[in-house]
Amino acid sequence: MQEKLITVEIDENGNSSIDLEGFQGQGCGDVAKDFRGGDSVTQSSRKREFYTRTVAEKQSQPQT
Amino acid sequence: MSQYEELTTTMTDQQYLVEALTEMGYKPEVQTEGTALRGYGGVSWNRPVQVTIPREQLRGALAAVGFGRDDAGVFQAVIDDLDRKCGGFDESWLGRVAQAYKERQTMAVAKTKGYVFRGREIVQTPQGPKVQLRFAVR
């Protein structure tokens, strides 16, 4: 199983961004929330994996 | 004649601020209740500052640098305008303080949340060096 890695980059103005590897779906949001909770991350973006998982989850839900 | 000016920051945690300044080679003085900042030629700042870097520690500076909390609890930097314009204690210097502060803060958050530290790198970019911190999920 791929290790879940978090990379935080901080520029010379103290602005930070976060990059996640190996995460899918809501797990991304939880990690971003952890770091943003301390105001340590000021920018984040979602990768393709997030949407891949989200779409897959929706498709697997039973139709009513 | 020089005078003190206030430069905006977003830093709120005194411990991380002190650690950041220490990492940059300074020995900041802390007065939790706040103290008056006096500068070159007797100029003073009209609000108390909680963290001070004495002039002797600031190479070539005319006056001490202070960090004082505003009404919202955010630290604002108080720097002599001549030191800002000519001494290198400008927005770029303050940015490096903010960078060191953010690194401390990020490390503390990661530790609290149980992430495993995997390493630190300085990455050169066209916008200047960036600190890259890597963590893994436990």
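Biologist: How many bridges join strand 1 of chain B to strand 5 of chain B?

Modeller: In this predicted model, four bridges join the two strands, which run antiparallel; strand 1 covers residues 4–7. One pairing to look for is B:Tyr4, whose bridge partner in strand 5 is B:Asp80.

Biologist: Which residue in strand 5 of chain B is the bridge partner of B:Phe67?

Modeller: B:Phe67 has B:Ala77 as its bridge partner. That pairing belongs with strand 4 (residues 65–69) of chain B, which pairs with strand 5 in the antiparallel sense over four bridges. Strands 4 and 5 form a hairpin with five residues between them, and B:Gly73 in the turn has a positive phi of about 90 degrees.

Biologist: Why is strand 5 of chain B described as largely enclosed?

Modeller: Six of the six residues of strand 5 (residues 75–80) are buried, so the strand is largely enclosed by the rest of the structure. In a regular strand the side chains alternate between the two faces of the sheet. Here B:Phe75, B:Ala77 and B:Ile79 point one way, while B:Gln76, B:Val78 and B:Asp80 point the other way, and all are buried.

Biologist: Turning to helix 1 of chain B, which of its residues are buried?

Modeller: Helix 1 spans residues 14–23, and its buried residues are B:Gln14, B:Tyr16, B:Leu17, B:Val18, B:Ala20 and B:Leu21. The elements covering them include strand 2 (29–35), strand 3 (49–53), strand 4, strand 5 and helix 3 of chain B.

Biologist: And what is found at the start of helix 1 of chain B?

Modeller: A side-chain oxygen of B:Asp13 reaches to within 2.9 Å of the backbone nitrogen of B:Gln15 there. Just after the helix, B:Gly25 takes a positive phi of about 100 degrees.

Biologist: Stepping back, what does the secondary structure of chain B come to?

Modeller: Chain B has three helices and seven strands. From the N terminus on, its elements run β-α-β-β-β-β-α-α-β-β. Of its 138 residues, 49% are buried.

Biologist: What about chain A?

Modeller: Chain A has two helices and three strands, in the order β-β-α-β-α from the N terminus. Of its 64 residues, 31% count as buried.

Biologist: How many residues does each chain give to the contact?

Modeller: Chain B gives 25 residues and chain A gives 22 residues. The area buried between the chains is about 2,100 Å², with carbon and sulfur atoms giving 53% of that area. B:Lys102, B:Tyr115 and B:Arg134 supply 25% of the area that chain B buries against chain A, more than any other three residues.

Biologist: Which strands pair across the two chains?

Modeller: Strand 1 (residues 5–10) of chain A pairs with strand 7 of chain B in the antiparallel sense, over six bridges. A:Ile10, for instance, stands opposite B:Val131 in strand 7 of chain B.

Biologist: How many salt bridges are there between chain B and chain A?

Modeller: There are four salt bridges between chain B and chain A. Side chains of opposite charge can pair when their charged atoms come close.

Biologist: Is A:Glu9 exposed, partly exposed or buried, and what is its relative accessibility?

Modeller: A:Glu9 counts as partly exposed, at 21% relative accessibility. Another salt bridge is between B:Arg134 and A:Glu21, at 3.9 Å, N to O. B:Arg134 lies in strand 7 of chain B and A:Glu21 in strand 2 (residues 16–21) of chain A, so the pair joins two chains. B:Arg134 is partly exposed at 25%, and A:Glu21 is partly exposed at 28%.

Biologist: Finally, where do B:Lys85 and B:Asp81 lie?

Modeller: Both lie in helix 2 (residues 81–86) of chain B, four residues apart, about one turn of the helix. B:Lys85 counts as exposed at 54% relative accessibility, whereas B:Asp81 is buried, with a relative accessible area of 7%.

Methods: Residues are numbered from 1 along each chain as its sequence is written. Chains are lettered from A and ligands numbered from 1 in the order in which they are written. This is a predicted model: local features need pLDDT of at least 70, side-chain atom pairs count only at pLDDT 80 or more; totals for chains, interfaces and linings use all residues. Side-chain values use heavy atoms; hydrogens and water are left out. Contact means heavy atoms within 4.5 Å. Buried area is the accessible area (1.4 Å probe) that two parts lose on being put together, summed over both. A salt bridge is a side-chain nitrogen of Lys or Arg within 4 Å of a carboxyl oxygen of Asp or Glu. Two strands pair if DSSP finds at least two bridges between them. Buried means under 20% relative accessible area, exposed over 50%, partly exposed in between (1.4 Å probe, protein chains only). A polar contact is a pair of N or O atoms within 3.5 Å; within protein, one must be able to donate a hydrogen and the other to accept it, and residues adjacent in sequence count only if both atoms are side-chain atoms.
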